[in-house]
Amino acid sequence: MHTRDFHYYEPINGHGLSHNPLNALVAPRPIGWISTRDAQGRVNLAPYSFFNAFNYEPPIIGFSSIAWKDSVQNASETGEFVWNLVTRELGDKMNQTSTPLPHGEDEFPFAGLSAVPGRVVNVPRVGESRAAMECKVIDIVQFRNVQGEKISGWMVLGEVVAVHIDKALLKDGVYQTAAAHPIMRSGGMNDYVQVLPENVFQIARPEGAGHPASHGKG
Ligand SMILES: Cc1cc2nc3c(=O)[nH]c(=O)nc-3n(C[C@H](O)[C@H](O)[C@H](O)COP(=O)(O)O)c2cc1C
C-alpha cells in the first residue's frame, strides 16, 4: 500500500489548518435553492449547500441550516418549501439571494428573479430555474452533539409532492443532469464546480447491488 502522510485532527480540539476543511472534503455539494413563505404570506429565497436527497419513494429531500434562519422559520410556520435547481447562468443571482435581508423581505425581486406560483404548495418557484420540486415538510430536526446537547443546527426534511422539469433536459425519458450545467458548492468560500456532459462517466454496479431507478431501493 502507498504510504501517505496524513494530517490528523479531532475536530473538538481544532483542525490545525488555515481553513476548516469540512466543506472542501464533502464537496462538491448540490445546492438547495430554497423558496419558502412565512405565515403572513411573505416570500423568501436562499441557497443551502447542506442539501441532499434522502429517500427515493416517496421522494424525500432536505436542507440544513447552521442556525434558525428565515428558511427554517418559514418552513416551520407553513410546512412547505420549494427546491430550485441552480445552473451556471443563475449562479450570480443565487449568490445574491444569500444576502441577509431583514426577515420578510423578498429575495426574488432583490435578485431580479420571477416568482412562479407552486401547483401543489403555496410557495413560488424560481421561474428562471430549469427544474424545481415542491415539498411538504415532514420533519424539522434540531441537531445534537455526542453528549446529547442541542446545538444550533437544524435540518428540514420534506416530501416532494410536485416536480417541474424543463422538457429540453429530457432525452428518451431520461433526465440529463449535465445538460443543465448545474453548479455545486466546493471548497472555500467562493468555489463552485460546474457539471458538464464531458465530465460524466459510467461505473456499472455489481450484479444484485440494486439500483433505485430499477428496483425502487438503494
Ligand atoms: C452557495 C451557498 C450555500 C450556502 N449553504 C448554506 C448552508 O448549507 N447552511 C446555512 O446555514 N447557510 C448556507 N448559506 C448561507 C445562507 O444562504 C444565508 O445565511 C442566507 O442569508 C440564509 O437566508 P434565510 O435566512 O433567508 O434562510 C449558503 C450560502 C451560499 C451562497
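In the predicted model, Asp166 has a relative accessible area of 29% and is therefore classed as partly exposed. The side chain of Asp166 meets that of Arg130 in a salt bridge, with a distance of 2.9 Å from N to O. This pair links distant parts of the chain, since Arg130 lies in the loop between strand 7 (125-126) and strand 8 (131-144), whereas Asp166 lies in the loop between strand 9 and strand 10 (170-171), 36 residues apart. Arg130 is likewise partly exposed, its relative accessible area being 25%.

The structure holds two salt bridges. Asp38 has a relative accessibility of 3% and so counts as buried, while Arg42, with a relative accessible area of 30%, is partly exposed.

The strands include an open sheet of seven members, arranged in the order 2-1-5-8-9-4-3 with antiparallel pairing. From one strand to the next, the twist averages 35°. Within this order, strand 1 (residues 32-37) pairs with strand 5 (residues 80-84) in the antiparallel sense over three bridges, and Ile34 stands opposite Trp83 in strand 5.

Strand 4 (residues 60-65) is mostly covered, six of its six residues being buried. In a regular strand the side chains alternate between the two faces of the sheet. Both faces of strand 4 are covered, with Ile60, Gly62 and Ser64 buried on one side and Ile61, Phe63 and Ser65 buried on the other. Strand 4 pairs with strand 3 (residues 51-55) in the antiparallel sense over four bridges, and these two strands form a hairpin with four residues between them. Strand 4 also pairs with strand 9 (residues 150-165), again in the antiparallel sense, over six bridges. Gly62 takes part in both arrangements, standing opposite Asn52 on the one hand and opposite Leu157 in strand 9 on the other.

As regards the surface, Leu22, Leu25, Val26, Phe50 and Ile66 make a nonpolar patch of about 490 Å². Of these residues, Leu25 lies in helix 1 (residues 22-25), and Leu25 counts as exposed because its relative accessibility is 62%, where the cut-off for exposure is over 50%.

Terms used:
Residues numbered from 1 in each chain as written. Predicted model: local features only at pLDDT ≥ 70, side-chain atom pairs only at ≥ 80, totals over all residues. Heavy atoms only, no water. Buried < 20%, exposed > 50% of the residue type's maximum accessible area, 1.4 Å probe, protein only. Pairing = 2+ DSSP bridges. Patch = residues over 30% accessible without salt bridge, like charges linked within 9 Å, V, L, I, M, F, W, Y side chains within 5 Å. Areas by Shrake-Rupley, 256 points an atom, 1.4 Å probe, with all protein chains shown as cover. Salt bridge = Lys/Arg side-chain N within 4 Å of Asp/Glu carboxyl O. Axes fitted to C-alpha atoms, helices over the stretch in contact; angles between N-to-C directions.
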